[in-house]
Amino acid sequence: MELVGVEKLGLACEKFPMPVRVKIGAKKHVYDVRNGTYVGETDAIPMTFTGLDVALYSMLPYAVKGVSIDAPASVTRGEALAIRAAVDAGGAKGLATHVLRVELIPPSGESPERFAPVQFQLKDAKDGRLETAIQTAFNDEPGNWTLIVTDVATGAQKKRVVRFN
């Protein structure tokens, strides 16, 4: 995986919006990291600056189709929730190390700031695969929590409901 960042510094004489194409050499699958969108398989990244701006793109030799999650349907509060996740690249071999964001959203839909470290992780997924666990608390809200795994480089995301008993 390669990352390219582009920063536009403004000059008084410039007019915006300013269309730009950044040549990257060979064709690659390009993703807009900040927006989590697929740009396409290309050898030049089209972008438009509307003023002072920063753009970040990931470039891969394969297209990412999605993310898969393997986790139990329920967990007893106070126990660890075992999670396996994988980047789906449509059978491509030799996947890069991807960074996966793992989140747990309580039934209420919002997470108190004091619990954020327990309910959110950024993990390296070597060869696109990740095994991790999130320790739940005895006083976690019972009910249906939403487990979300997102590939940071591409924006590919999968959600799954986990019941906290």
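Me: Where does aspartate 53 fall, buried or exposed or in between?
Reply: This is a predicted model, in which local features need pLDDT of at least 70 and side-chain atom pairs count only at pLDDT 80 or more, while totals for chains, interfaces and linings use all residues. Residues are numbered from 1 along each chain as its sequence is written, and side-chain values use heavy atoms, with hydrogens and water left out. Aspartate 53 is partly exposed, because its relative accessible area is 28%, and the cut-offs are under 20% for buried, over 50% for exposed and partly exposed in between, with a 1.4 Å probe and protein chains only.

Me: And which side chain does aspartate 53 meet in a salt bridge?
Reply: Its partner is arginine 34, at 3.6 Å from N to O, where a salt bridge is defined as a side-chain nitrogen of Lys or Arg within 4 Å of a carboxyl oxygen of Asp or Glu. Aspartate 53 lies in strand 4 (residues 53-60) and arginine 34 in the loop between strand 2 (18-32) and strand 3 (37-49), so the pair ties together parts that are 19 residues apart in sequence. Arginine 34 counts as exposed, because its relative accessibility is 56%.

Me: How do you decide what a strand is?
Reply: Strands are DSSP runs of E with at least two residues, helices are runs of H or I with at least four, and both are numbered from the N terminus.

Me: OK, how many salt bridges are there by this rule?
Reply: The count comes to five. Among them is the one between lysine 8 and glutamate 14, at 2.7 Å from N to O, in which lysine 8 is buried at a relative accessible area of 12%, whereas glutamate 14 is partly exposed at 21%. Another joins arginine 101 to glutamate 103, with the closest N and O atoms 3.2 Å apart; here arginine 101 is partly exposed at 32% and glutamate 103 is buried at 16%.

Me: Why would such side chains pair up at all?
Reply: In general, side chains of opposite charge can pair when their charged atoms come close.

Me: Switching topic, how covered is strand 11?
Reply: Strand 11, which spans residues 143-151, is mostly covered, with seven of its nine residues buried.

Me: Which strands does strand 11 pair with?
Reply: Pairing requires that DSSP finds at least two bridges between two strands. Strand 8 (residues 98-105) runs antiparallel to strand 11 and is joined to it by six bridges, with leucine 104 standing opposite leucine 147. Strand 12 (residues 157-164) is also antiparallel to strand 11, over eight bridges, and there tryptophan 145 faces valine 162.

Me: What sits in the hairpin of strand 11 and strand 12?
Reply: Five residues lie between the two strands, and glycine 155 in this hairpin takes a positive phi near 85 degrees.

Me: How much of the chain is buried?
Reply: Of the 165 residues, 41% count as buried.
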